[in-house]
Amino acid sequence: MSAQLSQKGKLPPAAIAGIVLLILCGISLYIRIALPYDQVFVNGSVWFKGVDPWYHMRLVDNLVHHFPHLIHYDPYIYYPDGGAWASMPFFDWLVAGSAWLVGLGSPTQHTIDVVGAYIPPVLGTLTLIPVYFIGKELFNRWVGLLSAALLALLPGEFLNRSLLGFTDHHVAESLFTTVTILFLILALKQARERNISFGHLVNRNWSVITKPLIYTLLAGIFLGIYLLTWVGGLLVVFIIFTWLVIQFIIDHLRHKSTDYLCIIGFLTFLISFIMVLPFLSRGGLTSIYHASFLVAILSPIALRGISYLLTYKAIKPAYYPLVLFGLAGIGFAVFYAINPSLFHSMFSIFFGVFIPGGAMLTVLEVHPLLFPYGSFSFQIAWFNFTTAFFISFISLGWLIYRNIKEESTDKTLFLVWSIIMLAAVLSQRRFSYYFAINAALLTGYFSWRILDFAGLKELLAPPAAVVEVVKKVKKKRKTEARAREKTLRQRRATWIRVIVAGVVVFFLVFFPNIGKAKALAQEPSLIDRAWYSSLEWLKDNSPEPFGDPDFYYELYPPRHSFKYPETAYGVLSWWDYGHWIARVAYRPANQNPGGGWRAEQTSYYFLSQDEDASSQIIDQLDSKYVIIDDAMPTTKFYAMPTWAGSSQDEFYETYYQPVQGGELKPLNLFYPAYYRSMVVRLYNFDGKAVVPEETLVISYEEKLSREGVWYKEITGSESFSTYEEAEAYISSQELGNYKIVGTDPFTSPVPLEEMTHYQLVYTSAQKWQGKPAVKIFEYVQ
């Protein structure tokens, strides 16, 4: 009784966990809102982070006026064709609906911007809740808390995409994926505990099937919401499908009923497909979604049927996976014979996720995690996960071993989810915002194992265990003092071990993330004062392309019935800036992110070697203004040759010059083609005529390094007063390798003619190496 009374007034573990989770949510909001606040709210304006958030806000601007109707065609992108942004509607509905509610049905532009800025940190923080419950259901509540705490702090893509102002659907993807997996785990646990079967459904045994069916319904709903958030959501459908196949095989080999898998898998896929079906045309993937869901919905039935048939025929269970692989091969062959183009499209999308290549590798987020710049490096992995990346492998190995010995359906789902997301993030660093969930859970489990080994579970023993200890002590009154002293010594020793283990866990798991998370949260927005002021100038000082500024908010007719007015024109820049142009300047952009087909055309323009060739392209694009910033002829230049199907080596290369001590000094040298390109002539030289004061010629040899890499070593150099003399000198050489080069991007070694069709109409007050960071040219025919 006294022991029970001593426990009176103490909070139960569930309440303690709830309080700690609320504190973690507060820390998460502080990191995601307070730290980046001054970088987002600037001089009364909202500077959204990144690139795509600006276009989501452009959609939200329009959606608020016509809620819930989203535009299917947008004349402000990919001018002069216009286009349909390949995105699903839920995230934009969420932002616009929230702004509509906050603004009481008539939100101001500032209210829309503020609400849009706050959505990502709220969604990112909400993700901690399902992470906690997944950890609790798979292991215990303390693993859930450790995992949630780590996710709140993890730097990298998850934090970046859940910061104030990063109004893109990525963080919503992470949240809805995690909630979907949580409800699947709950459905599986309830189904296995109750051993549900088709008989329970037929007999309407509600006491058995109600909870599993509710959790399955919720899993299907949140999978549907996820699919309505991201057009590439079939990735999670693939994860669940893969787990189902594996689990069917495991259960069949162990002579277990697979009814529950068929019920859960079929209903989850069916519900989500019904939800997403009316919106498939927005993503332009109707056929792929139909084919994928046809397979996903029918597979649980087929897998259960084959399992039943083999069991009925008393065929050895080992033949089950062989039959499945054989039927899968036949299915692929039939599918290819019926519709080879769809077959190739589906597999190209699949391999595009796990094996990206080509010009897409110029996009930073598509880089492989461990080969970000073509060579092996842990730099990006450490930036995203720090020690959690390495600990995740340890936990995965340990959990796979444990699951083989003591098979658990819910842990098998967790392992398949984690392994596939690990493969995805190794292929493309962008999937770090997905794998952050798995890394947090795996590392939370690892941290708990350390604390458990130190004795934390013993200290967290329930009161009943304490009562039993007290009773035993009272029975031995003679040794009561010694027993109490021994117990106290043991508990003190356990507390010391746990404290030491806690310090180790803190510095191993949590501490490496704190400084990186703070630094990332305080990074400035990608758009800067130079770009923002330039686009404001363009909005105020260029002709209205559609006659009426309110045209920006109209609900446009479909592409086939829309016709641009004669007053319309495009604004040409590199694709990174297209959404800024549309949303800040309210002007149609010729090129936008995601338009690879247009990137090739604009690359040809910026790399054109004479004005006549470039005029043909800009006339086709009907561009009136060209905007160029300091990055386009420098750090972004390499992407243009890649998209144009050539190589940056045609424009500049790295040479090595011998210096004292036998060392080689790397030098970036620029070829005449670089200086003649449109992007360089406009930004570096303002389109003016250039007569070089001298022209440099180098001689070089190609050599093989000890590492087996070819490089070019400078063997000599000579300067000439004119470009013609340098050309004549090279022509007179019978042997050796010679090149005309420049050492400075802003000092041309080749003569350049004045560009007659371009007028510099604006330069930003903000500078880059003494030059205006952004320049706007008007194209005059």
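Contact here means heavy atoms within 4.5 Å. Helices (H or I, at least four residues) and strands (E, at least two) are DSSP runs, numbered from the N terminus. This is a predicted model, in which local features need pLDDT of at least 70, side-chain atom pairs count only at pLDDT 80 or more, and totals for chains, interfaces and linings use all residues. Residues are numbered from 1 along each chain as its sequence is written, and side-chain values use heavy atoms, with hydrogens and water left out.

**Helix α7**
- The buried residues of α7 pack against α2 (13-34), α6, α8 (141-153), α10 (170-194), α21 (409-427) and α22 (432-454).
- Helix α7 (residues 128-138) is largely enclosed by the rest of the structure because 8 of its 11 residues are buried (under 20% relative accessible area; exposed is over 50%, partly exposed in between; 1.4 Å probe, protein chains only).
- Those buried residues are L128, P130, V131, Y132, I134, G135, E137 and L138.

**L123**
- L123, in helix α6 (residues 109-126), is buried at a relative accessible area of 7%.
- Leaving aside residues up to four places away in sequence, L123 touches F91, L94, V171, A172 and L175.
- The C-alpha atoms of L123 and A172 are separated by 6.3 Å, and the two residues are 49 apart along the chain.

**Backbone geometry**
- Most residues other than glycine have a negative phi, and most peptide bonds are trans.
- The bond joining F67 and P68 is cis, with omega about 5 degrees; P68 is in the loop between α4 (52-66) and α5 (90-102).
- D622 has a positive phi, near 55 degrees, and is partly exposed at 35% relative accessible area.
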